Amino acid sequence: MRLGAMRLIGGRTERRKDGTDLDRPTVRPPDRRGSGGSGRLPVLDERLRGTKFVELPVQSAANSPESTGMGFWSINPYVGCEFGCSYCYARYAHRYVVERARDGGRITQHEFHDLRRPVGLEGFEHRIFVKSRQAVLAALARDLPRIRRRTARDGPQSIVIGTATDPYQPAERQYQITRAVLGRLRDERGFRIGIITKSPLVCRDTGLLRQLARQHWLSVYISLVSADIRVIKLFEARSPMPHTRLKALEELTSAGVRAGVIVAPILPGITDSQWQIDQLVRAAKQAGAQFVYPSPLRLYPAVRQRFLPIVERHFPKLAQRYRAAYDDKCNAPQKYIAAVTRRFQRIARKYGIPETDAEKEQPRGQGEGSAMQLSFWQ
Ligand code: SF4
């Protein structure tokens, strides 16, 4: 279902005969002949730059704290993400979905290779699984009584949207599943709702977010690892540039939506200097950030194949240190985490950005020797 070649001429988008933009995907209803009885995964759309959108059956919409071990409910309308950040750990979930579909006989071997792509990691960025909106809403309706009961018993439950993939990635412009989920949550009250995104598309829903904030404690986390465009282009070339994210932050906070910046991940030796963090926090402050939340890099084995070659090419002196520090584990050394978190918090205090939950979660008793631990990367 290729749409044919798209060309941008003089800044104008070419149009289809029916007047719609060629760079906007056409949504076809899922091919029920292929999906219904056989349980196959129908292709919803295929874009010119090679991205396919594939419908994914839904069992539940909100993953419970017990199932993820994260201490909150999580909702992810998409599996895979076109932003394709090199350090993104959610590649695992995509691989899991593809392998399960193959093992369940819902895709052929040919489709399996197409969904994984040649090296096995690019599928995450070019083959996006989309949960059907109706199915997500039906599943959420089943999940909500449990969340309400927990709220009544234990106090406000936290629901975080976008823990694994960006809920406002390009697919959301078309499929609007995140918007539908937020619309459903607007009918509830008394939860703590967090939304994590790199996309200015979140501003499309500003009105809805304001309504939600009247019913719940709502926070929008704009994800930004650096204010330096060069860093963004190296590690997440297809995500929105820093100034557009900061502008989105400003738009949200100006509209009265509680929002801040999540700096995840901090890249050791690359984005963790005093100057870089200062530059980022200052920019966040100017955009009205009400909190900043730091989180150092986790490097899962499958992500290394995508991330480390970039470090080797552009930061050759750091490559060996990365390999040694992360060696057989995913987390940075605990002393490094404590040291960089304290640096971050000092700078946040300098700009008068209130301390966040991040401070409560930092490793305790390991802050001594901060300078030594940070200099390990410098
Ligand atoms: S935007 Fe988030 S979910 Fe998407 S690739 Fe980047 S880190 Fe992963």
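Predicted model: local features only at pLDDT ≥ 70, side-chain atom pairs only at ≥ 80, totals over all residues.
The protein chain has 378 residues, and 38% of them are buried. Its secondary structure amounts to 17 helices and 13 strands. Among contacts between residues at least 6 apart in sequence, 76% link residues at least 24 apart.

In soluble globular proteins, nonpolar side chains tend to be buried together. The largest nonpolar core in this model holds 93 residues. Within that core, Val130, Val220, Leu249, Val261, Val263 and Val292 touch the most other members. Helix H15, which covers residues 334-350, gives the most to this core, namely eight residues. Val130 shows what such a position looks like in detail. Apart from neighbours within four places in sequence, Val130 is in contact with Leu44, Phe53, Val54, Glu55, Leu56, Tyr78, Ala171 and Tyr175.

The ligand comes next. Around the ligand stand Cys81, Phe83, Gly84, Cys85, Cys88 and Ala90, together with Thr165, Asp166, Gln169, Lys198, Glu236 and Ser239. Sorted by class, this shell consists of five nonpolar, four polar and three charged residues.

Gly162 lies in the loop between strand S9 (158-161) and helix H7. Gly162 is buried because 26 C-beta neighbours lie inside 10 Å, and a count of 20 or more is what burial requires. Setting aside neighbours within four places in sequence, Gly162 is in contact with Asn76, Pro167, Ile195, Ile196 and Thr197. One of these, Ile196, is 34 residues away from Gly162 along the chain, yet the two C-alpha atoms are separated by 5.2 Å.

At residues 170-175 the chain forms helix H7, and helix H8 takes up residues 177-185. Gln176 sits in the loop between H7 and H8. Gln176 has a positive phi of about 55°, although this residue is not a glycine. Gln176 has 16 C-beta neighbours inside 10 Å, so this residue counts as partly exposed.

The peptide bond leading from Ala264 to Pro265 is cis, with omega near 5°. Strand S12 spans residues 259-266 and helix H12 spans 274-286, with Asp272 in the loop between them. Is Asp272 buried or exposed? Asp272 is buried, because 24 other C-beta atoms lie within 10 Å. Asp272 and Val340 are 68 residues apart in sequence, but their C-alpha atoms are 7.0 Å apart in space.

The last stop is a pair of helices. Helix H13 (residues 301-314) and helix H14 (residues 316-326) pack at an angle of about 140°, and their axes are 5 Å apart. The crossing of H13 past H14 is left-handed. From H13, the contact is made by Leu308, Val311 and Glu312. H14 contributes Pro316, Leu318, Ala319 and Tyr322. Classed by type, the contact of H13 with H14 has six nonpolar residues, no polar residues and one charged residue.

Technical notes
Residues numbered from 1 in each chain as written. Near = placed C-beta within 6 Å. Nonpolar A, V, L, I, M, F, W, Y, C, P; charged D, E, K, R; others polar. Axes fitted to C-alpha atoms, helices over the stretch in contact; angles between N-to-C directions. Helix = DSSP H or I, 4+ residues; strand = E, 2+ residues; numbered from the N terminus. Left-handed = near helix turned anticlockwise from the far one by under 90°. Contact = placed C-beta atoms within 7 Å. Buried ≥ 20, exposed ≤ 12 C-beta atoms within 10 Å, placed from the backbone. Core = buried A, V, L, I, M, F, W, Y, C linked by C-beta atoms within 7 Å.
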